Amino acid sequence: MKSQLSSQPPSPPLAQTITVLGATGSVGTSTLDVIARHEHFSVYALSAHSNTALLLQQCLQFRPVYAVLSDEHAAETLRLQLIKAGSQTEVLWGADALTKIASDPAVDVVMAAIVGAAGLLPALAAAESGKKVLLANKESLVMAGELFMQAAVQSGAVILPIDSEHNAIFQCLPAPAQSRRGNLAGQGVRKVLLTASGGPFLHTPVEQLHAVTPAQACKHPNWDMGRKISVDSATMMNKGLEFIEACYLFDLAPDAVEVVIHPQSIVHSMVEYADGSVLAQLGSPDMRVPIAHALAWPQRIESGADFLSLVKSPDLQFLAPDLVRFPCLALGMEAAREGGFAPTCLNAANEIAVAAFLEGQIRFTDIPQIISGTLAQITCRQPVSIAMIQQLDAEARAVACDIAAGL
Ligand code: NAD
Ligand code: MG
């Protein structure tokens with residue numbers, strides 16, 4: 001008997017027009033790889049910080065209406081190159097241009113894949129204007145989770161998580177929760193199990209961690225990612241940020257989220273139900289899987305990722321996290337419990353500390369010192385507006401820079 005499953009390709013989703021913020025990064029290029037496999041997506045705009053060479057190539061392949069760069073000079077260079085190549089793409093630059101391409105009425109879907117705090121305002125603009133927002137930029141939720149989710153509720157925006165763990169949780173939630181109706185406990189969800197690979201230093205002797213180099217920290221065992229998130233994975237601050245991200249995204253109390261180390265990165269996270277059932281989402285560690293899921297949701301499309309062979313996979317292990325080895329994870333979890341100003345300041349201090357480590361100015365083990373020192377110096381208050389979030393962010397950055405300079 002011929003299987004119905006294998007003989008029928010997934011039915012094609014409706015045509016969608018997409019802006020990719022951070023198109024030249026790891027998530028951005030994976031997004032364009034998935035888009036290129038399907039005819040019903042058209043690219044409205046692409047953005048990059050400064051990589052004009054790659055953005056030029058992407059503009060010629062995807063023919064967006066707009067390309068956006070951070071700086072005027074780089075934009076002029078790209079504009080001339082595009083004219084020379086006969087392209088119709090218009091080049092814009094700066095923060096207002098990012099907001100424009102994220103909120104333009106012609107756009108259905110926004111992939112928010114800028115790294116760090118720079119991604120907040122354009123991602124928020126997409127949420128405020130009711131887009132389908134594919135959220136990779138976890139920092140925007142960590143900085144401004146409550147305001148961000150409120151904006152989405154008010155505008156009717158759909159926030160689809162791209163972080164593989166949150167995408168996995170989303171896939172394991174009951175359907176009404178996916179559409180943000182009803183509370184999770186009322187739908188039988190007991191807790192969320194957030195998996196973490198443990199990064200490159202899971203088994204490195206703790207006393208050697210002070211001497212690790214940026215190159216070693218950026219060499220993740222399972223994932224190929226940008227440098228900032230790679231260092232975050234090595235300190236496990238990435239899981240701390242994801243812990244906060246999960247609380248805001250799914251409206252969970254911190255006690256309902258448990259971090260589990262799973263070094264193989266095959267189970268991408270799990271949801272435990274009141275009856276003892278645990279649902280997991282598994283797949284190859286390839287960002288094209290969550291990206292394709294979110295692009296097509298609620299349908300399914302091909303992603304280009306390898307299919308998983310569990311028979312050939314290594315043994316799957318699950319361990320409790322060691323908070324002494326990974327103080328950044330403990331700091332992230334504490335900030336989630338504290339709420340209010342704490343996640344915003346944690347994120348800012350972490351960005352400063354990671355940049356200083358990547359520049360060779362501080363040691364790997366200085367990163368948590370800078371973050372805890374910053375949090376201790378900022379007066380706690382509840383951020384009630386984006387202006388206040390930006391003020392807290394700037395204040396925390398200044399304190400973190402001072403601490404880093406004094407080390
Ligand atoms: P990346 O460093 O590879 O790419 C970042 C992108 O943002 C680039 O296109 C860059 O040009 C742009 N950018 C950087 N600074 C900017 C600025 N100041 N203004 C405007 N644009 C700027 O990063 P990535 O690994 O693709 O990560 C992007 C986001 O996705 C991060 O928030 C990260 O935490 C999240 N994420 C990444 C992965 C992954 O596998 N790489 C997985 C989960 C979540
Ligand atoms: Mg992740």
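Which helix does Pro327 lie in?

## Pro327

Pro327 lies in helix 14, which covers residues 327–338. Helices here are DSSP runs of H or I with at least four residues, numbered from the N terminus. The model is predicted, so local features need pLDDT of at least 70 and side-chain atom pairs count only at pLDDT 80 or more, while totals for chains, interfaces and linings use all residues. Residues are numbered from 1 along each chain as its sequence is written, ligands are numbered from 1 in the order in which they are written, and side-chain values use heavy atoms, without hydrogens and water.

Pro327 counts as partly exposed because its relative accessibility is 31%; buried means under 20%, exposed over 50%, and partly exposed in between, with a 1.4 Å probe and protein chains only. Pro327 and Gln369 are separated by 42 residues in sequence and by 9.1 Å in space, C-alpha to C-alpha.

## Shell around ligand 1

Ligand 1 is surrounded by 22 residues, the closest being Thr24, Ser26, Val27, His49 and Glu139. A residue is near a molecule if one of its heavy atoms lies within 4 Å of it. Helix 2 (26–36) and helix 7 (138–155) each contribute at least two residues to this shell. By type, the shell holds eleven nonpolar, eight polar and three charged residues; Asp, Glu, Lys and Arg count as charged, and Gly is among the polar ones.

## Backbone contacts and burial

Oxygen atoms of ligand 1 lie 2.8 Å from a polar backbone atom of His49, 2.9 Å from a backbone N or O atom of Val27, and 3.5 Å from a backbone N or O atom of Val115. Taken alone, ligand 1 exposes 830 Å², and the protein buries 86% of that. Accessible areas come from the Shrake-Rupley method with a 1.4 Å probe.

Notes: Polar contact = N/O pair within 3.5 Å; in protein donor to acceptor, adjacent residues only side chain to side chain.
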